[in-house]
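Hello,

Here is the structure we discussed, with its sequence. My notes follow below.

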Amino acid sequence: MHTPKTFIFSGISGSGKGTQIELLKKYVKEQMPNNGECAFVMGDVLRSFVKGEGYAQDMIRDTMNRGELIPDYVSGGLFVSSLLRDLHHDDHLFIDGIPRSVVQSDIIMSMLKFYNRSDVFIINIGIGAEEAKKRMSLRKRHDDTEEAIVERIKFYNDEVAPAIQYLKEKSGFTYFEIDGERTIEEIHLDLVNRLKDIL
């Protein structure tokens, strides 16, 4: 059994994080077949949560429909409760969608200490603002309006990037900046080459 790893993915919306997480999960499973895996994707967890009925669900659904930021209290709570339910001692952990603030970075630090995890890799899939606009426009999602896309990019630069920088400066983190303006295969190969001496 190998020591379980923790992978934190970051990048502007449209950078292809989800695709790269799925490819990396497959690769890691091939290299360490005896370990399990646990993935936390904030967007998926939020969408699943608001499908239910209840006071909190109604409030969060309204917040999302207005295009407003989900409070750290909610994001952090969903993150913590998901891991308490789903993470096992030998699982590699894949995280997408958190941290989105320095407060959430502190929650991650607390989680890593609680689970005694030290092999932590931050993987930033970097794309420029114009590329991000183009990709989000092509998705044709109802919430990908021009104004919303500009706001997402601004939010990433103003809030998410500092949250990642905060973690980068802590001991125990290995940071990889990956050029995301390439083919899916090229990005995955680059990532695997960066990790092959570690995994």
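M111 is in contact (heavy atoms within 4.5 Å) with F79, L83, L93 and I95, leaving aside neighbours within four places in sequence. This is a predicted model, in which local features need pLDDT of at least 70 and side-chain atom pairs count only at pLDDT 80 or more, while totals for chains, interfaces and linings use all residues. Residues are numbered from 1 along each chain as its sequence is written, and side-chain values use heavy atoms, without hydrogens and water.

M111, I8, F79, L83 and I108 have the most contacts inside the largest nonpolar core, which has 33 residues. A nonpolar core here is a set of buried Ala, Val, Leu, Ile, Met, Phe, Trp, Tyr and Cys residues joined through side-chain atoms within 4.5 Å; buried means under 20% relative accessible area, exposed over 50%, and partly exposed in between (1.4 Å probe, protein chains only). Elements that each supply at least two residues of this core include β2 (36–41), α4, α5 (102–114) and α7 (146–168). The largest share, seven residues, comes from α7. Apart from this core lies another, of 17 residues, among them V28, I125, I187 and L191.

D86 lies in helix α4 (residues 72–86); helices (H or I, at least four residues) and strands (E, at least two) are DSSP runs, numbered from the N terminus. With a relative accessible area of 32%, D86 is partly exposed. Not counting residues up to four places away in sequence, D86 touches C38 and D91. D86 and G67 are 19 residues apart in sequence and 29 Å apart in space, C-alpha to C-alpha.

Regards
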